[in-house]
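Have a look at the chain first, and then we can walk through it together.

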Amino acid sequence: MSDPQNEAALKRNGLTISKREDVAVTHVALRRGMQAELEKRASAALGVSLPATARVAEASGKLVVWAGPEQWLIIEPRSTGKDPSVDLAEALKGAASIIDVSDSRVIFRVEGQKATEVLAPSMAIDFHDQVFKRGDVAITHASHLGVMVWRLPDGSGYEFACARTYAVAFSEWLADACGKLTRPA
């Protein structure tokens, strides 16, 4: 993201790409036969139901992201000295497997009015407002890299989760994709 040409293009479009170093990411996977128990405990612990389909739910500063059948990512502000997965593991003990994946996943955010316009030609997703709505999630590929993407519930942009192994390649692809529409000829 340090390419001056891309940075200039992003600025002209009013777009911001950021790597979310301020969040902790916890993976939750349902244990067999524990769906009703997990739903009950997760609702109590998070304040919202776990999305059953490809959606996100907001919960007191946390984002609950559907990550596949019976799997979710809990994204929340990182706090010094505290591992949020520990409290969640205790609250969901026996009903789900909990893993802190903050070091293995990177969250990128693209914000700005033209975010949809610049991402649409670069990904195999129909980003139209009536198709990929606020809070929708897709698990897909971007330049042969596996990513999850969701439209932020407030409509201000998108977030992407990718494996840290691919973070550099994905960030370069993202900056290039977002800079294409306004790059000077």
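Does threonine 26 count as buried or exposed? With a relative accessibility of 1%, threonine 26 counts as buried, because the cut-off for that class is under 20%. Please keep in mind that this is a predicted model. The points below go from the chain as a whole to its domains, its cores and a few strands worth a visit.

**The chain as a whole**

- The chain holds 5 helices and 10 strands.
- Its radius of gyration is 17 Å, close to the 16 Å from the globule rule for 185 residues, so the chain is as compact as a globular protein of that length.
- The C-alpha trace spans about 60 × 40 × 30 Å along its principal axes.
- Of the 185 residues in the chain, 46% are buried.
- Among contacts with a separation of 6 or more, 64% join residues 24 or more positions apart.
- The accessible surface of the chain is about 9,500 Å², and carbon and sulfur atoms account for 49% of that.

- Where the two meet, domain 1 puts 14 residues into the contact and domain 2 puts in 13 residues.

**The nonpolar cores**

- The largest nonpolar core counts 33 residues, and Leu38, Val65, Leu73, Ile75 and Trp150 are the ones with the most contacts inside it.
- Two or more residues of this core come from each of these elements: strand 2 (23–30), helix 2 (35–46), strand 3 (56–59), strand 4 (62–66), strand 5 (71–77), strand 6 (96–100) and strand 9 (145–151).
- Because domain 1 (11–20 + 105–181) and domain 2 (23–100) both give residues to this core, it lies between them.
- Another core lies apart from this one; it has 28 residues, including Val106, Val118, Leu174 and Ala175.

**Two residues and their neighbours**

- Leaving aside residues up to four places away in sequence, leucine 73 touches Val25, Thr26, His27, Leu63, Val64, Val65, Ala67, Val101, Met148 and Ala161.
- Threonine 26, the residue we started with, sits in strand 2.
- With residues up to four places away in sequence again left out, threonine 26 touches Trp72, Leu73, Ile74, Ser85, Leu88, Ile98, Ile99, Asp100 and Val101.

**Strand 4 and its partners**

- Strand 4 is largely enclosed by the rest of the structure, because 4 of its 5 residues are buried.
- Strand 3 runs antiparallel to strand 4, and the two pair over 4 bridges.
- In this pairing, valine 64 of strand 4 is the bridge partner of alanine 57.
- The hairpin of strand 3 and strand 4 has 2 residues between the strands, and serine 60 there adopts a positive phi near 45°.
- Strand 5 also pairs with strand 4 in the antiparallel sense, over 4 bridges.
- Here isoleucine 75 in strand 5 is the bridge partner of leucine 63.
- The hairpin of strand 4 and strand 5 has 4 residues between the strands, and in its turn glycine 68 has a positive phi of about 130°.

Technical notes. Residues numbered from 1 in each chain as written. Predicted model: local features only at pLDDT ≥ 70, side-chain atom pairs only at ≥ 80, totals over all residues. Heavy atoms only, no water. Core = buried A, V, L, I, M, F, W, Y, C linked by side-chain atoms within 4.5 Å. Buried < 20%, exposed > 50% of the residue type's maximum accessible area, 1.4 Å probe, protein only. Domains from an automatic or database assignment. Contact = heavy atoms within 4.5 Å. Rg over C-alpha atoms; globule rule 2.2 N^0.38 Å. Areas by Shrake-Rupley, 256 points an atom, 1.4 Å probe, with all protein chains shown as cover. Pairing = 2+ DSSP bridges.
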